[in-house]
Amino acid sequence: MGSVVVLGIESSCDETGAGLVRDGRLLGHAVASSMDEHARYGGVVPEIAARAHVHALTPVVRRALDEAGLRMSDIGAVAVTTGPGLSGALQVGLAGAKSLAYALDVPLHGVHHLAGHVAADTLEHGPLPDPCMVLIVSGGHTSLLLVRDLARDPIVHLGDTLDDAAGECFDKVARVFGLPYPGGPAIDRAARDGDPAAVAFPRPLTGARDAAYDFSFSGLKTAAARWAEGHDGRALPVADGAASLQEAVADVLTRKAVAACREHGVGTLVVVGGVAANSRVRALAEERCRAAGITLRVPPLRLCTDNGAMIAAVGDLLVRAGAEPAPLNVSIDPSAPLEYAALHPVGSFGRAVAA
């Protein structure tokens, strides 16, 4: 297929996103978040998220088109997140994408949400080097991946989170520290006034006998909670706790990522996902990559969190690679493993297949 405008739709959690990409260039995108509606519950409520997507999807697509100066008839393909994510939220996005693809008579591509985060970097820095190392850090996922051709090749997992992901650790500890939801940005803000060496928090899975590239932040979360409880009513030095927690997370993430680059002879590290917006993760990654002679690529903050542009970026890669569109009975897979960028499960919560 030649040069076409790809509409990407993202609805896996609490952001409704639409983006438009053609030939690797972002033309326009828009995001609506229901985060404020979840804040009083301290986390995302699936039913609230799904209802918010129903109301936001059409306006978000229209805003993206307006920003790009395009009409609905200019869309040549539709890409949509089919997993992983919240079941009801994913269903809303897929239903909308199917309707648009059918009405416009254009191909539909199912996309893995995490592949979207990887592709987001291409909208800022161009095509990914082959190979490159990718560190995905978000609320539900922490993975270290060896990526070749994102549209064609299987994605190699060098390590994954065994329990709490980095973003989940931030969210849960923030609640213990009395900070607002979402916890990641709150921890980052509080840490600005703290001492990162004030509390000797552990660095999980960094021992000689531990899995080299797997991650575990449950123990760190517990250590931070025990530290807070140990103050027994005394004023909690939140800034020091936040800075020390953030330092521990950033240390583990960047240490393992740089080690993986060295071991596999890869010269480029790409850090993506919501936690890639964390100021200390970005700074320490830059410092360690510079020392190791590794090129670091991190998307701009607006493309780190969930958005439709990243899904459109994957769809654009798939279209240009000549990938087969999704079948008419494509479904969702809320717990889909990341094996390929294309995700075309069928039936009830099917499994991923290659494009």
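Analyst: A crossing of two helices is called left-handed if the near helix is turned anticlockwise from the far one by less than a right angle, and right-handed if it is turned clockwise. This is a predicted model, in which local features need pLDDT of at least 70 and side-chain atom pairs count only at pLDDT 80 or more, while totals for chains, interfaces and linings use all residues. Residues are numbered from 1 along each chain as its sequence is written, and side-chain values use heavy atoms, with hydrogens and water left out.

Helices (H or I, at least four residues) and strands (E, at least two) are DSSP runs numbered from the N terminus. Helix α8 (residues 218-229) packs with helix α9 (residues 238-264) at an angle of about 165 degrees, their axes lying 11 Å apart; axes are lines fitted to C-alpha atoms, for helices over the stretch in contact, and angles run from 0 to 180 degrees between N-to-C directions. That makes α8 roughly antiparallel to α9, since angles under 35 degrees count as roughly parallel, over 145 as roughly antiparallel, 65 to 115 as roughly perpendicular and the rest as oblique. The crossing of α8 past α9 is right-handed.

In this contact (heavy atoms within 4.5 Å), α8 contributes L220, A224 and W227, which meet G241, L245, A248 and V249 of α9. The residues of the contact divide into six nonpolar, one polar and no charged, where Ala, Val, Leu, Ile, Met, Phe, Trp, Tyr, Cys and Pro count as nonpolar, Asp, Glu, Lys and Arg as charged, and the others, Gly among them, as polar.
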